[in-house]
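Dear colleague,

Please find below the structure that I am handing over to you. My notes on it follow directly after it.

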Amino acid sequence: MGSIIFCGACGTVTGSAYFLETGGKRILIDCGLYQEKDYEKINSNFLFDPKKIDYVILTHAHLDHSGRLLELVRDGFKGEILTTEPTVDLLEIVLADRLHLEPKLGPKSLVKKVLKLCWAFEYDQIFDIPGGIHFRLKDAGHILGAANVEIWCEGKKFVFSGDIGRPGTPIIRDPSPIKEADYIIMESTYGGRKHPPFSLAKKQLKAIIEKAREEHARIFIPSFAIGRTQELIYFLNDLVESGEIKPLPVIVDSPMALKVTKIYAKYTNLYDEEALARLAKGDQIFSFPLLFAAASVEASCRIEQIKPPYLIIAGSGMVTGGRIIEHLKRHLSSRRSYVVFVGYQAKGTPGREILLRKPRVFLDHMPVENRAKIFRIEAFSAHADHQELLSWLKNFEKEPKRVFLTHGEPGARSVLLKDIRQNLGFTVEAPRLGRKVTF
Ligand SMILES: [Zn+2]
């Protein structure tokens with residue numbers, strides 16, 4: 001007999017954690033941080049005893065899937081963390097950043113302690129763990145190193161989707177199909193939503209840059225460090241090197257994004273055909289004329305001396321912190337500033353307020369007039385939309401026994417649930433937090 005307890009991401013899009021007990025082993029799939037306000041309490045209270053977990057299988061390095069590894073190890077976890085090699089590299093950056101922002105969590109050495117427990121595995125190969133358990137990691141096409149996890153034990157097969165990426169995502173490969181499972185635990189972030197194709201993002205970016213050049217404007221792009229920043233650099237590289245736009249100064253003003261870009265540059269073996277073709281032609285995909293890196297604070301301050309037009313990519317993605325704050329404090333009140341949103345802006349964040357064109361927003365507790373031109377490029381998304389989620393499920397050749405939808409707000413989750421039930425005829429449910437299912 002085996003069981004799963006749903007320990008997170010039930011009716012929310014953060015806090016992913018699933019406790020699987022099978023073959024006499026206790027396996028946690030993901031150990032993510034809750035980032036929704038009402039759920040913060042849960043972060044310090046696990047629904048299980050960390051000391052008793054044998055393995056963590058980690059789908060990817062995003063904080064909402066990996067962040068609570070710090071608490072897990074602090075609270076006595078001594079097992080092994082199984083994931084891909086790029087995820088281990090990214091994990092170091094992500095966890096160090098979290099610890100830097102929340103020093104109360106523990107000493108800096110806590111990150112090293114987590115990393116020491118990590119073991120890296122290739123995609124597409126089946127590995128054994130004691131207890132007659134086998135697992136395989138499949139490319140999820142979401143961010144570099146992200147995986148869907150297949151687990152076989154006691155004659156049953158489980159698939160944990162982690163986050164499912166989109167076909168056509170730049171740089172990385174498309175999600176790799178999985179063909180069979182008895183039980184599927186699947187994300188539903190964008191149930192009921194449709195994303196424009198990625199190619200549109202490049203077109204919009206080009207139009208915004210051309211307009212900025214005419215108006216001698218400054219372009220500010222608040223961006224997440226992992227994935228989004230590299231996609232932006234990739235598209236800008238393409239626009240500049242193909243001659244579609246004249247080069248303008250592009251500054252990546254985020255130490256974290258710069259570190260992540262180095263990791264993206266390292267794993268060329270995981271690129272898609274298009275990125276590989278560029279490399280084969282001798283193009284460095286993260287390097288083009290007038291691209292600058294601002295690693296130090298001094299370098300960041302020197303940006304002020306550059307004559308517009310220019311483009312700054314800086315964190316954080318929702319303007320809740322990071323170097324984008326200083327830039328916007330100085331320039332949000334100017335009509336010749338462009339703010340371009342390329343990611344989700346959660347309720348209550350300064351990013352959302354700017355996007356909603358509130359005439360005055362608070363940055364670092366300081367009121368700032370918002371007169372900038374605001375743009376939004378919706379085509380950037382690391383998550384499959386409704387139809388793409390359905391297509392992912394259609395890869396399964398035999399009907400699974402049960403599908404559990406997680407990692408979605410209640411509305412999105414129920415729209416997807418209905419569609420799966422009606423159109424695919426699968427047995428599908430939306431578990432609540434703490435629900436235990438036995439097999
Ligand atoms: Zn993710």
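How are the donor residues of the zinc ion spaced in sequence? They follow the pattern H-x1-H-x79-H-x20-D. Before the details, please note that this is a predicted model, in which local features need pLDDT of at least 70 and side-chain atom pairs count only at pLDDT 80 or more, while totals for chains, interfaces and linings use all residues. Residues are numbered from 1 along each chain as its sequence is written, and side-chain values use heavy atoms, with hydrogens and water left out.

The zinc site

The protein donors are His60 (NE2), His62 (ND1), His142 (NE2) and Asp163 (OD), which lie 2.2 Å from the zinc ion. Donors are N, O and S atoms within 2.8 Å of the metal (3.2 Å for Na, K and Ca), and sites may look incomplete because water is not among the atoms. The arrangement is irregular because the four donor atoms subtend angles of 92 to 165 degrees around the zinc ion. Four donors count as tetrahedral if all angles lie between 85 and 135 degrees; four count as square planar and six as octahedral if opposite donors are over 155 degrees apart and all others between 65 and 115; anything else is irregular.

Helices (H or I, at least four residues) and strands (E, at least two) are DSSP runs, numbered from the N terminus.

Helix packing

Helix H3 (residues 85-101) packs against helix H7 (residues 255-266) at an angle of about 170 degrees, and their axes are 10 Å apart. Axes are lines fitted to C-alpha atoms, for helices over the stretch in contact, and angles run from 0 to 180 degrees between N-to-C directions. H3 and H7 are therefore roughly antiparallel to each other; angles under 35 degrees count as roughly parallel, over 145 as roughly antiparallel, 65 to 115 as roughly perpendicular and the rest as oblique. In this contact (heavy atoms within 4.5 Å), Asp89, Leu90, Ile93, Val94 and Asp97 of H3 meet Met256, Lys259, Val260, Ile263 and Lys266 of H7. Six of the residues in the contact of H3 with H7 are nonpolar, none is polar and four are charged. Here Ala, Val, Leu, Ile, Met, Phe, Trp, Tyr, Cys and Pro count as nonpolar, Asp, Glu, Lys and Arg as charged, and the others, Gly among them, as polar.

H3 also meets helix H4 (residues 109-116): the axes come within 9 Å and cross at roughly 155 degrees. H3 and H4 are therefore roughly antiparallel to each other. On the H3 side, the contact is made by Val88, Leu91, Glu92, Leu95, Ala96 and Leu99, and on the H4 side by Leu110, Val111, Val114 and Leu115. The residues of the contact of H3 with H4 are nine nonpolar, no polar and one charged.

Backbone features

Most residues other than glycine have a negative phi, and most peptide bonds are trans. A cis peptide bond joins Pro308 and Pro309, with omega about 10 degrees. The peptide bond from Gly315 to Ser316 is also cis, with omega near 5 degrees. Ile171 is not a glycine, yet has a positive phi of about 70 degrees; Ile171 lies in the loop between strand E10 (156-160) and strand E11 (183-187).
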